[in-house]
Amino acid sequence: MKHENRKESASNRLRHWLALILVAMMVTVAAGCAAPSVEPAPAEASAGQLEEEDEALAAEEMAEDSLIEPVITLTASFFPYADLARQIGGPLVEINQMVPDGADPHSFEPSPRDLIQLEASQVFIYNGLDMEPWLEGALALLANHETRLIQAADLVPLLPYGDHDHDHDHDHDHDHDHDHDHDHGEWDPHVWTDPLNMVTIGSELLAVLQELDPANSDTYEENYHLFAAAIEELDAGFRQMVEEADQKVMLVSHSAFGYFAHRYGLEEIAVTGITPHAEPNPGRLAELTNLAREYKLEYIFFETLANPRTAEVLAAEAGLEPLMLHNLEGLNQEQREAGATYVTLMHENLKTLEKALVK
């Protein structure tokens, strides 16, 4: 009898534990059904995090570019043409900019080291029209070399210096033997200030790069079309700005924007001529003061490499606000550190002109 009681007691305890286990399992299942686990939504990335991601991506792209060995060596006389070569050639082209940023192309003199680098270049792209006073000696140095020469002024319609209201389709010799029939002093050399001119010049550079390096022809072609698309967007912005403008006159510190003004139907009035460091006489300052009042001008544009003193004097005399307008001959240190390009600086010009000309 005692043995049967003990057996029944053990059986009861087993049923009890089984019941507890079953209840626990049911509670767990019910809890799982009632409150399914939900992964927390990822927090939105902050502006700082996005900026860091962009910088990391840019650094990664730069690292990838650094692994590419340059195929072509190129010398550009000064900034706009060095940047053009950089946009089209990318890391496949080793670029030497003859006139360093911060120097004035009008007064620069190349060093022996500069000339050695020039001699070693497969391509030399430059402006012409006396923009580089040292050019004659440099071309003589290359006379017995196979360096491909690209003179930008050979590729676009020219404007006579001091007369930017003539027909933009002015004809001139476009042959590429760099032996011109006309006197360079007759023509305004600032051809690069017209953005569409840079597309034309870029087309010639593209053809030269493709000829020298056919294996990477598609890459150069793609880069060129990206640059041309960026210029097309820029051009549309300038045209819209001019369409909305109440003022069509630009008072500038020196005559560097004739091609730009002609392209977009603006009038350039320059404090000084082609050389940015020249200073006008008192009579010219008085004349400009009267013109500023006659045209009801509110702003005067000065440039990175030009003498700001003259613009400051005229601004004070005529009650004008000075604004920076990039002529793109070169970069200052801040622009260089920011990675400024022809296109980014032209976009800054667009914003500046919108402020000055659109009410």
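Leaving out neighbours within four places in sequence, Ile201 is in contact with Tyr81, Leu84, Ile125, Ala152, Leu155 and Val156, where contact means heavy atoms within 4.5 Å. The model is predicted: local features need pLDDT of at least 70, side-chain atom pairs count only at pLDDT 80 or more, and totals for chains, interfaces and linings use all residues. Residues are numbered from 1 along each chain as its sequence is written, and side-chain values use heavy atoms, with hydrogens and water left out.

Ile201 belongs to helix H6 (residues 195-212); helices (H or I, at least four residues) and strands (E, at least two) are DSSP runs numbered from the N terminus. At 0% relative accessibility, Ile201 counts as buried. Buried means under 20% relative accessible area, exposed over 50%, and partly exposed in between (1.4 Å probe, protein chains only). Between Ile201 and Leu155 the C-alpha to C-alpha distance is 6.3 Å, although they are 46 residues apart in sequence.

A nonpolar core is a set of buried Ala, Val, Leu, Ile, Met, Phe, Trp, Tyr and Cys residues joined through side-chain atoms within 4.5 Å. The largest such core has 79 residues, of which Tyr81, Ile201, Phe238, Met250 and Leu353 touch the most other members. Helix H7 (residues 217-244) contributes the largest share of this core, nine residues. A second, separate core of 15 residues includes Val249, Leu288, Ile300 and Leu314. In soluble globular proteins, nonpolar side chains tend to be buried together.

**The chain as a whole**

The protein chain has 12 helices and eight strands. Of its 359 residues, 45% are buried. Among contacts between residues at least 6 apart in sequence, 67% join residues at least 24 apart. The accessible surface comes to about 19,300 Å², and carbon and sulfur atoms account for 53% of it; accessible areas come from the Shrake-Rupley method with a 1.4 Å probe, and for residues only the protein chains shown count as cover.

**The four-stranded sheet**

Four strands form an open sheet with parallel pairing, in the order S2-S1-S3-S4. Strands S2 (93-97) and S4 (148-151) stand at the edges with a single partner strand each, so one side of each has no neighbour in the sheet. Two strands pair if DSSP finds at least two bridges between them. Strand S1 (residues 72-76) pairs with S2 in the parallel sense over five bridges, and Ala76 stands opposite Gln97 in S2. From S1 the chain crosses through helix H3 (residues 79-89) to S2 in a right-handed β-α-β crossover, right-handed meaning that, with the strands pointing away from the viewer, the path from the first strand over the helix to the second runs clockwise. Strand S3 (residues 123-126) pairs with S4 in the parallel sense over four bridges, and Tyr126 has Gln151 in S4 as its bridge partner.

Ser121 lies in the loop between helix H4 (112-119) and S3. Leaving out neighbours within four places in sequence, Ser121 is in contact with Thr73, Leu74, Thr75 and Thr147. Leu129 is found in the loop between S3 and helix H5 (135-141), and Asp130 lies in the loop between S3 and H5. The table lists the accessibility of these residues.

| Residue | Relative accessible area | Class |
|---|---|---|
| Ser121 | 7% | buried |
| Leu129 | 4% | buried |
| Asp130 | 52% | exposed |

Most residues other than glycine have a negative phi. Leu129, not a glycine, has a positive phi of about 60 degrees. Asp130, not a glycine, has a positive phi of about 65 degrees.
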